Amino acid sequence: GGFMKKRYNILLLLLPVSLMAQFAVISTTPANNEKNVPLSTTVSITFNEAIDTAYVEGNDEAVFSNIDSITAEGFSQDLKTMYADVVLKPNTTYFVAFIHMKAKSGAAITTPYVFYFTTGSDFPPYTVSGAVSSGSTGVSPGGAIVGLATANIFEGENEGPPPFVSWTNVNNDGTFSIPYVPNGTYWLIAAKDVNQDGNIDPSQGVDVIAFNEDSIVVNNAS
């Protein structure tokens, strides 16, 4: 009996290490790919453990979205959910995404996460696809993001994130396909948070941004 008891105690010590849960998104509101979302709604992301709120509040580039009217924002009492009360436009597709997120435990999500929803009855049917290469940087394109912006942020005195309409993650082989793109003129931008600090800042000599100088036009076709 004593031998079995000691063996049981050893197993109890080993299990938390081998079965340790990862910091992860468990739900979003609206749900990914949800349609007919009300114009006044609450957008939220819920994780499986408490968020490092100081990290989020001190990091302007942790979260990206094309939502432009936020009336209130905050965290749930258990700090597992971050939310924003928003006002949306009719027949418009939205995305919410983050490039990095930390838990109070120190665990982190370093693979960009994105979800989409629309206030319309369906999503635009068009996609923009392509590939990102390492170029002269030597940085693998895997883990990067690619977005479509409605303005060329490399002209003028623009500050802050570009006006994205949609974005997606880049596959390990560099390929990507941006979904739900409405007709319009766009500029493609790719970026990677190489040092995984939650900021994309090439001036530090580590992170990278790539872009097409020429615009692309989506006109009733992918």
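1. Accessible areas here come from the Shrake-Rupley method with a 1.4 Å probe, and for residues only the protein chains shown count as cover. On that basis the chain exposes about 12,300 Å², of which carbon and sulfur atoms supply 52%.

2. This is a predicted model, in which local features need pLDDT of at least 70 and side-chain atom pairs count only at pLDDT 80 or more, while totals for chains, interfaces and linings use all residues. Residues are numbered from 1 along each chain as its sequence is written, and side-chain values use heavy atoms, with hydrogens and water left out.

3. The secondary structure of the chain comes to two helices and 16 strands, where helices (H or I, at least four residues) and strands (E, at least two) are DSSP runs numbered from the N terminus. Of the 222 residues of the chain, 39% count as buried; buried means under 20% relative accessible area, exposed means over 50%, and partly exposed lies in between, with a 1.4 Å probe and protein chains only. Among the contacts in the chain (heavy atoms within 4.5 Å) with a separation of 6 or more, 68% come from residues 24 or more positions apart.

4. Strand S11 (residues 145-149) and S12 run antiparallel and are joined by five bridges, with Ile145 standing opposite Asn169 in S12. Strand S12 (residues 164-169) is mostly covered, since five of its six residues are buried.

5. The second largest pocket holds about 350 Å³ of space. For such a pocket, a 1 Å grid is laid over the protein atoms alone, and the pocket is an open set of points with protein on both sides within 12 Å along at least five of seven lines, lining residues having an atom within 4 Å of a point. Of the 23 residues that line the second largest pocket, Val132, Ser133, Ala190, Ala210 and Phe211 are the closest to its centre. Strand S10 (126-131), strand S14 (184-192) and strand S15 (208-211) each supply at least two residues of this lining, and S14 gives the most, with five residues.

6. Gly130, which is found in strand S10, is partly exposed, with a relative accessible area of 29%. Leaving out residues up to four places away in sequence, Gly130 touches Gly174, Thr175 and Phe176. Gly130 and Val146 are 16 residues apart in sequence, and their C-alpha atoms are 9.7 Å apart in space.

7. Glu213 lies in the loop between S15 and strand S16 (216-218), and Glu213 counts as exposed because its relative accessibility is 65%. Residues up to four places away in sequence not being counted, Glu213 touches Asn152 and Trp187. Glu213 and Asn152 are 61 residues apart in sequence and 8.0 Å apart in space, C-alpha to C-alpha.

Conventions: 1 Å grid on protein atoms, 1.4 Å probe; cavity = no way out; pocket = protein on both sides within 12 Å on 5 of 7 lines; lining within 4 Å. Points joined across faces, edges and corners; volume = space filled by probe spheres on them. Pairing = 2+ DSSP bridges.
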